[in-house]
Amino acid sequence: MPGMLEVAVAEARKGLAEGGIPIGAALFSVDGSLLGSGRNRRVQLGDPSVHAETDAFRNAGRQRGYRSTIMVTTLSPCWYCSGLVRQFNIGAVVIGESRTFDGGREWLAENGVAITVLDDPRCVTMMSEFIAANPDLWAEDIGE
């Protein structure tokens, strides 16, 4: 799983470098093959629906089913992205960190999604520093 997280962290860093919110995600098959990756591009594209998980999901293209896929994300999924996981029956979510934002993590677990929280210090630092420097943009991103 740490190798999978590297893909999501690289996406988050790209987003930050582009002036966006540093959240990255990637969708993998159960054998570890990368299906698609993406980042939060709400700011870059002016589109509030482009969260990291939705970007990765779109970039993965159509799949026959999602039960055996793994969504890896640098931050605990918000309610919107948690809904995506449930809607398409994604079987597992690996979360880089949930300290700065907890989102729908517990709800996903209660509904049968395998949840792994890595508490990765890179993810915690990246989000903590971003939130401190950009509180209004962060509040907009999470709908506050």
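Reply: Helices α3 and α7 (135-141) each supply at least two residues of the lining of the largest cavity. The model is a predicted one, and the structure holds one cavity of 30 Å³ or more. The volume of the largest cavity is about 100 Å³. Its lining is made up of 14 residues, and those closest to the centre are I23, H51, L75, C78 and D141. Sorted by kind, the lining residues are eight nonpolar, four polar and two charged.

From the lining we can follow α3 to a helix that it packs against. In general, the packing of two helices is described by the angle between their axes and the distance between those axes. Helix α3 covers residues 52-60, and its axis lies 8 Å from that of α4, at an angle of about 35 degrees. On the α3 side, the residues that meet α4 are E53, T54, F57 and R58. On the α4 side, their partners are Y80, C81 and L84. The residues of this contact divide into four nonpolar, one polar and two charged.

Helix α4 itself consists of residues 79-87, and W79 lies in it. Is W79 buried or exposed? The relative accessibility of W79 is 54%, and the cut-off for exposed is over 50%, so W79 counts as exposed. Apart from neighbours within four places in sequence, W79 is in contact with G103, G104 and W107. A further distance concerns D102, which is 23 residues from W79 along the chain. The C-alpha atoms of W79 and D102 are separated by 9.8 Å.

N89 lies in the loop between α4 and β4, a strand of residues 92-95. The phi angle of N89 is near 60 degrees, which is a positive value in a residue other than glycine. With a relative accessible area of 35%, N89 is partly exposed.

Methods
Residues numbered from 1 in each chain as written. Predicted model: local features only at pLDDT ≥ 70, side-chain atom pairs only at ≥ 80, totals over all residues. Heavy atoms only, no water. Helix = DSSP H or I, 4+ residues; strand = E, 2+ residues; numbered from the N terminus. Buried < 20%, exposed > 50% of the residue type's maximum accessible area, 1.4 Å probe, protein only. Contact = heavy atoms within 4.5 Å. Axes fitted to C-alpha atoms, helices over the stretch in contact; angles between N-to-C directions. Nonpolar A, V, L, I, M, F, W, Y, C, P; charged D, E, K, R; others polar. 1 Å grid on protein atoms, 1.4 Å probe; cavity = no way out; pocket = protein on both sides within 12 Å on 5 of 7 lines; lining within 4 Å. Points joined across faces, edges and corners; volume = space filled by probe spheres on them.
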